[in-house]
Amino acid sequence: MKADFNWDDTRVFLAIARAGTLSGAAEAMNMGIATLSRRLDRLESSLAVPLFSRHQSGYRLTDDGEALLERAEALESAGLAFGESARLQINVAGLVRLATSDNLATHFILPSLTGLLDNYPDLRVEVLSGVSSVNLHRRDADLAIRMVKPDSGNLTLKRLGTLGFGLYADKSYLKKWQGEATELLLSHGQYVGWSESHQHLPAARWITRMLRGRPCRLEANTLVAQLSAVAAGLGLGILPHFMARTHALHCVSSDIGVDQTLWLVMHSDLAHSRRVRVVADHLIAVFEESKDSLAMP
């Protein structure tokens, strides 16, 4: 009768292949020779192939045994990696990949990581910023901060707060419109906006409505570039309040209806991973502490 295959018996196979004798393999595995021999017999029975030829000088791999050696070593490597992963989870160690925007990474997340990494010296964090194609389902990242709530997939979500936007301009640009009504500035002013690939964004759609067919004076595909253009006096731009404050820009209007909710998103399979959970809890605390500066002008 054919025995059931036991994954652990591959360790016996590898030990005999490496030692060349039952006694040497038994010593390496801290196991009795009789037990080792029975487990080898069980393995050969389950596979229905002879793995070794027996000689007075020891055990030599058969052709079938040689063919299976590489796969047995692959099983051994996978088992060691599995055990290492479990150890890293218990000890809060290993790599956590976070996908987020450049501006949130620069102003909020990166400056906060010193304390976290000091507390968990075996933890590493990789920040993937400005990468629109990151896909949690493909495990391109472990965590992501999104401004659009995912509506499908095996994901765990946590609302982090609101990212407030306003219409901003530099004082040098506003001098050109001194004495004019705000309505005239909004309808006839020059705008710094998003490039064609980002026209789906709420800010881009708002500017399109204001322009009524006119082109933007300047387009850029990052908020950092738009901030620099607005600060240089090139026109009006929709910017997060916290970024505009860094350049002392004037808020023309803070009620334009393009504020966005920030979501912390992770694959549900990782929700109980200690290394991922530690980073997630840290981010939740950071954004809770910063919620007013993110939302308000």
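Glu76 is partly exposed, with a relative accessible area of 30%; on this scale, buried means under 20% relative accessible area, exposed means over 50%, and partly exposed is in between (1.4 Å probe, protein chains only). The model is a predicted one, so local features need pLDDT of at least 70 and side-chain atom pairs count only at pLDDT 80 or more, while totals for chains, interfaces and linings use all residues. Residues are numbered from 1 along each chain as its sequence is written, and side-chain values use heavy atoms, with hydrogens and water left out.

Back to Glu76, which forms a salt bridge with Arg18, the closest N and O atoms being 2.7 Å apart. A salt bridge here is a side-chain nitrogen of Lys or Arg within 4 Å of a carboxyl oxygen of Asp or Glu. This pair links distant parts of the chain, with Glu76 in helix α4 (residues 63-90) and Arg18 in helix α1, 58 residues apart. Helices (H or I, at least four residues) and strands (E, at least two) are DSSP runs, numbered from the N terminus. Arg18 is exposed, at a relative accessible area of 53%.

A search of the whole structure turns up 11 salt bridges. One of them joins Asp8 to Arg39, with the closest N and O atoms 2.8 Å apart. Here too distant parts of the chain are linked: Asp8 sits in the segment before α1 (9-19), and Arg39 in helix α3 (residues 33-47), 31 residues apart. Asp8 is partly exposed, with a relative accessible area of 34%, whereas Arg39 counts as buried at 14%. Then there is Asp142, which forms a salt bridge with Arg275, the closest N and O atoms being 3.7 Å apart. Asp142 lies in the loop between β4 and β5 and Arg275 in helix α11, 133 residues apart. Asp142 is buried, with a relative accessible area of 4%, and Arg275 counts as buried at 16%. Salt bridges that share partners also join Asp8, Asp9, Arg11, Arg39 and Arg42 into one network.

Axes are lines fitted to C-alpha atoms, for helices over the stretch in contact, and angles run from 0 to 180 degrees between N-to-C directions. β6 and strand β12 (residues 260-267) run antiparallel and are joined by eight bridges; Gly161 stands opposite Leu262 in β12.

Five strands form another open sheet, ordered β9-β8-β10-β7-β11, and the pairing is mixed. β9 (218-220) and β11 (250-253) stand at the edges with a single partner strand each, so one side of each is left without a neighbour in the sheet. Neighbouring strands are turned by 45° against each other on average, direction ignored. Strand β8 (residues 191-194) pairs in the parallel sense with strand β10 (residues 236-240) over two bridges, and Leu236 in β10 is the bridge partner of Tyr191. Helix α8 (residues 202-211) packs on the sheet, touching β7 (165-169), β8 and β10, at about 135° to the direction of β8. β8 also pairs with β9, again in the parallel sense, over three bridges.

Finally, the inside. The largest nonpolar core has 57 residues, and those with the most contacts inside it are Leu143, Ile145, Tyr191, Trp206, Ile238 and Phe287. A nonpolar core is a set of buried Ala, Val, Leu, Ile, Met, Phe, Trp, Tyr and Cys residues joined through side-chain atoms within 4.5 Å. Helix α11 (residues 274-289) gives the largest share of this core, seven residues. Apart from this core lies another, of 18 residues, among them Ile16, Met29, Met31 and Tyr59.

Note on methods. Two strands pair if DSSP finds at least two bridges between them. Contact means heavy atoms within 4.5 Å.
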